[in-house]
Amino acid sequence: MTRVVTIMNQKGGVGKSTVTVNLAAIRAEILTADLASDAFSPVAAVSIDPQGSAKWWANRVTGLPFHLIQAHDDPLEWLRQLNDLRGIDEVYVDTAGWFDLDPDGSEDGLGYGYAADVLRTVLGVTDEAIVPMLTNPLCFDPTARTIRKLLEPRGIPYRVFINDWDPRDGEHWLEETRKFVRGQGWPLAETVIRHYKVHTNASNEGIVVTQYKQTGTAANAAADFYNLAAELNPIGVR
Ligand SMILES: Nc1ncnc2c1ncn2[C@@H]1O[C@H](COP(=O)(O)OP(=O)(O)OP(=O)(O)O)[C@@H](O)[C@H]1O
Ligand SMILES: [Mg+2]
């Protein structure tokens, strides 16, 4: 079986694509540590976001350690088999920052149309979800809708984590965000991914987190993602 981890938040720009690509890279590095360097990677990132940010990024990377599949134009039949991909142990699914939630009381919380069908199909095979959010109150409601309407009704285990916090802004909103998340009773990863320019620039530079310089600021930035990957694995542990 392939473990399917879906990265989602209805709020745009919270870091879904960034975490999908970087977690896939770290997991591939870990899972292939004892294999030959040209071994088939057991990790895939699947993007169902028609904007294709993850694909744009991955296409610029030399020696991408995982497979990148842009799934939007694929038949739903293929997505239904995501948890049974030959040779792939783990799939990280990058979702779009917009989708219609419950337009007129649809039963499963999703709207109609192809994008909703794609997400519905992916949720049907998802083993665990990861929900990035920012230390910004604008993010609170969309995050709550994502969890209450899509994840909890389906019984999908999920973890929230805080992304893109800039220590120079002080701790106030970090603490407020933590309080909000705990108040909702959501499982929150301890690891906070801090704001670093190296993360913002990585897609343009055509590198993933496992390829950052191993010294100085870049190493500190990478450490956050390594910590997150360690904390989020194994699946289902809360
Ligand atoms: N921890 C971080 N430090 C610095 N920049 C970051 C960080 N996380 C994300 N970014 C930047 O923030 C922007 C939004 O991130 P990303 O594209 O991953 O979000 P998204 O949730 O996938 O957005 P969308 O909803 O549009 O798909 C990007 O420019 C990305 O490089
Ligand atoms: Mg994205």
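Trainee: In this predicted model, is Asp 164 buried, partly exposed or exposed?
Mentor: Let's start by placing the residue: Asp 164 sits in strand E6, which spans residues 158–165. Buried means under 20% relative accessible area and exposed means over 50%. Asp 164 has a relative accessibility of 35%, so it counts as partly exposed.

Trainee: What is the phi of Asp 164?
Mentor: Good one to look at! Most residues other than glycine have a negative phi. Asp 164 is a residue other than glycine, yet its phi is positive, near 70°.

Trainee: Which residue just after H7 takes a positive phi?
Mentor: Helix H7 covers residues 197–205. Just after H7 comes a residue with a positive phi of about 70°, and that residue is Gly 206.

Trainee: Why do the buried residues of H7 line one face of the helix?
Mentor: First, the buried residues of H7 are His 199, Ala 202 and Ser 203. An α-helix has 3.6 residues a turn, so residues three or four places apart point the same way. Looking down the axis of H7, its buried residues line one face because they fall within an arc of 85°.

Trainee: Is Thr 210 buried or exposed?
Mentor: Thr 210 belongs to the loop between H7 and H8. Leaving out residues up to four places away in sequence, Thr 210 touches Ala 25, Ile 26, Glu 29, Pro 65 and Tyr 226. Its relative accessibility is 16%, so Thr 210 counts as buried.

Trainee: And Lys 213, is that residue buried or exposed?
Mentor: Lys 213 is also placed in the loop between H7 and H8. Not counting residues up to four places away in sequence, Lys 213 touches Ala 218 and Ala 219. With a relative accessible area of 65%, Lys 213 is exposed.

Trainee: How are the axes of H1 and H8 arranged, roughly parallel or roughly perpendicular?
Mentor: Two packed helices are described by the angle between their axes and the distance between the axes. For helix H1 (residues 16–31) and H8, the axes come within 10 Å and cross at roughly 75°. That makes H1, relative to H8, roughly perpendicular.

Trainee: How many nonpolar residues are in the contact of H1 with H8?
Mentor: From H1, the residues taking part include Val 19, Leu 23 and Ile 26, and from H8 they include Phe 225, Leu 228 and Leu 232. By class, the contact has two polar residues and one charged residue, while the number of nonpolar ones is eight.

Technical notes: Residues are numbered from 1 along each chain as its sequence is written. Chains are lettered from A and ligands numbered from 1 in the order in which they are written. This is a predicted model: local features need pLDDT of at least 70, side-chain atom pairs count only at pLDDT 80 or more; totals for chains, interfaces and linings use all residues. Side-chain values use heavy atoms; hydrogens and water are left out. Buried means under 20% relative accessible area, exposed over 50%, partly exposed in between (1.4 Å probe, protein chains only). Helices (H or I, at least four residues) and strands (E, at least two) are DSSP runs, numbered from the N terminus. The arc is that of the directions from the helix axis to the C-beta atoms. Axes are lines fitted to C-alpha atoms, for helices over the stretch in contact, and angles run from 0 to 180 degrees between N-to-C directions. Angles under 35 degrees count as roughly parallel, over 145 as roughly antiparallel, 65 to 115 as roughly perpendicular and the rest as oblique. Contact means heavy atoms within 4.5 Å. Ala, Val, Leu, Ile, Met, Phe, Trp, Tyr, Cys and Pro count as nonpolar, Asp, Glu, Lys and Arg as charged, and the others, Gly among them, as polar.
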